[in-house]
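Please read these notes with the model open beside you. They take the points one at a time.

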Amino acid sequence: MDFRDFLGKTETLVLPYFGGTRVEAASRRLRVQPVAASAAPAAPGWYEVSVAGRRATLAAPASAPGAEVLDALPAVRGHWIDGWIFVSGRDAERVALPPDEEPAPLGRCTGRRWYGGEVVLGSIDFDDEAEEQARLALDALGSIADVKGAAPSLRAAYGFAVVHRVARGLGVEVSATEARAHAVTFADGGRAAAEAWLAHLVEARRRHEAEVAERLRRAEIAANEARHQARLAEVARQARARRTHGTPIERADAALAAAGARMIDARRKGANLEVTFAFMSNRFITVVDSETLQVYDAGICLAGADREVTLDSLPSVIREAIDEDHLNITRR
Amino acid sequence: MAILNITYQGQSADYELEIDYQASDADVRRIAVEVVRSGGVRGLHIAGLRTDAFDGFVVDRLRGARGEQRIYLRPKVPFGAGEGAARPGAGGAGAR
């Protein structure tokens, strides 16, 4: 037989589909053929699967296989509650597919571990007196500390049942994995123990959400600041220096005019320039460097800091002195 | 667009900038640091200028004779009698 004939061979299997892109058969993992973009995705469940090579097509929904198939798989024994099988006083497995017939709450059952690791319900087993008593206690969300013969898995399942029901009443989502470490406490303490634990859980979630919101807010502020700094850097990069033209007197005139002052007179004094100008209804006489227009004598009292400024910025200094009532004109 | 006049160590230079006349004082100082650090344009050039070099400087906004909007960044200077106009050691590299 040519290998191409083997590759072209198609067979039909009943397999569980748990969602996603693959299904697991006994001997291999198969890739599920994608459905058309317009079609709704297949719901998890049992399917007749058409298999060609490593490609699988979900042909039609199917019933779960019988014991002849499932009993060959590893068993997961424990107590059923709300879609979970509690297998010990601490560990629980979620049943991956909703069974056609659901066990009674806290009932004994056996799950089967499928090839990919998911658990499906295998069989519903016979209960004892302890399960019956636990179901009665669950109506009042009371304690089962005194129930004789209750296996650890029953106590843990009962504890989760209690906290799950109290949480549902409070509108709080809680999973068996979150609650399992405290399940026996809830089994012994009933509603009060569950309510106390849930209060801590809710408060911790609230704090966490507040912290996340604050981190996001800070990150957004930082991002905005980074964008702003980048914008400023770009503005600086594109800055163009203005060239100054003309004689020293012409440049002094331009510098004063740009600041809203009016030059009245200017004359050379050696390497310097003595400039007389009007600004904010006052007259000033200033000595500056004729090249750089650095101020040597501002004509107002600047406590010896005259050379820090230039004729360009001197009007701004004078305006500040006037606004703060510190103007003291020494030359006019 | 606005004209920014920077005065630093007794030297001044004008720059044309694509910013709003009402840009915040902090933004003006930040831009000024980058402009002065940059060697790509004429005017003041101090490559190693500290980021906080202009922290104590005054940002002022004046209108020219023809209404031209200009931003001035200059040192804060004291008012009153002092050591005299010819204080040694002031001044910096020429810009004009």
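1. What is the mean pLDDT of chain B, and what share of its residues reach 70 or more? The mean is 80, and 78% of the residues of chain B reach 70 or more; pLDDT is the predictor's confidence in each residue, from 0 to 100. Over residues 83-96 of chain B the pLDDT is below 50, yet this stretch has 33 contacts in the model beyond near neighbours in sequence (a contact means heavy atoms within 4.5 Å).

2. This is a predicted model, in which local features need pLDDT of at least 70 and side-chain atom pairs count only at pLDDT 80 or more, while totals for chains, interfaces and linings use all residues. Residues are numbered from 1 along each chain as its sequence is written, chains are lettered from A and ligands numbered from 1 in the order in which they are written, and side-chain values use heavy atoms, with hydrogens and water left out.

3. Both chains supply strands to an open sheet of five, in the order E11(A)-E2(B)-E1(B)-E4(B)-E3(B), with mixed pairing. Helices (H or I, at least four residues) and strands (E, at least two) are DSSP runs, numbered from the N terminus; two strands pair if DSSP finds at least two bridges between them. Strand E11 (240-241) of chain A and strand E3 (58-63) of chain B are at the edges with a single partner strand each, so one side of each has no neighbour in the sheet.

4. The link between the chains in this sheet is the antiparallel pairing of E11(A) with strand E2 (residues 11-17) of chain B, over two bridges. A:Arg240 has B:Glu16 as its bridge partner in E2(B).

5. Within chain A, strand E9 (residues 108-113) pairs with strand E6 (residues 75-81) in the antiparallel sense over five bridges. A:Thr110 in E9(A) is the bridge partner of A:Arg77. E9(A) also pairs with strand E10 (residues 119-124) of chain A, again antiparallel and over five bridges. E9(A) and E10(A) form a hairpin with five residues between them, and A:Gly117 in the turn has a positive phi of about 110 degrees.

6. Helix H3 (residues 129-139) and helix H4 (residues 152-170) of chain A pack at about 15 degrees, their axes 11 Å apart. Axes are lines fitted to C-alpha atoms, for helices over the stretch in contact, and angles run from 0 to 180 degrees between N-to-C directions. The contact residues include A:Ala134 of H3(A) and A:Tyr158 of H4(A).
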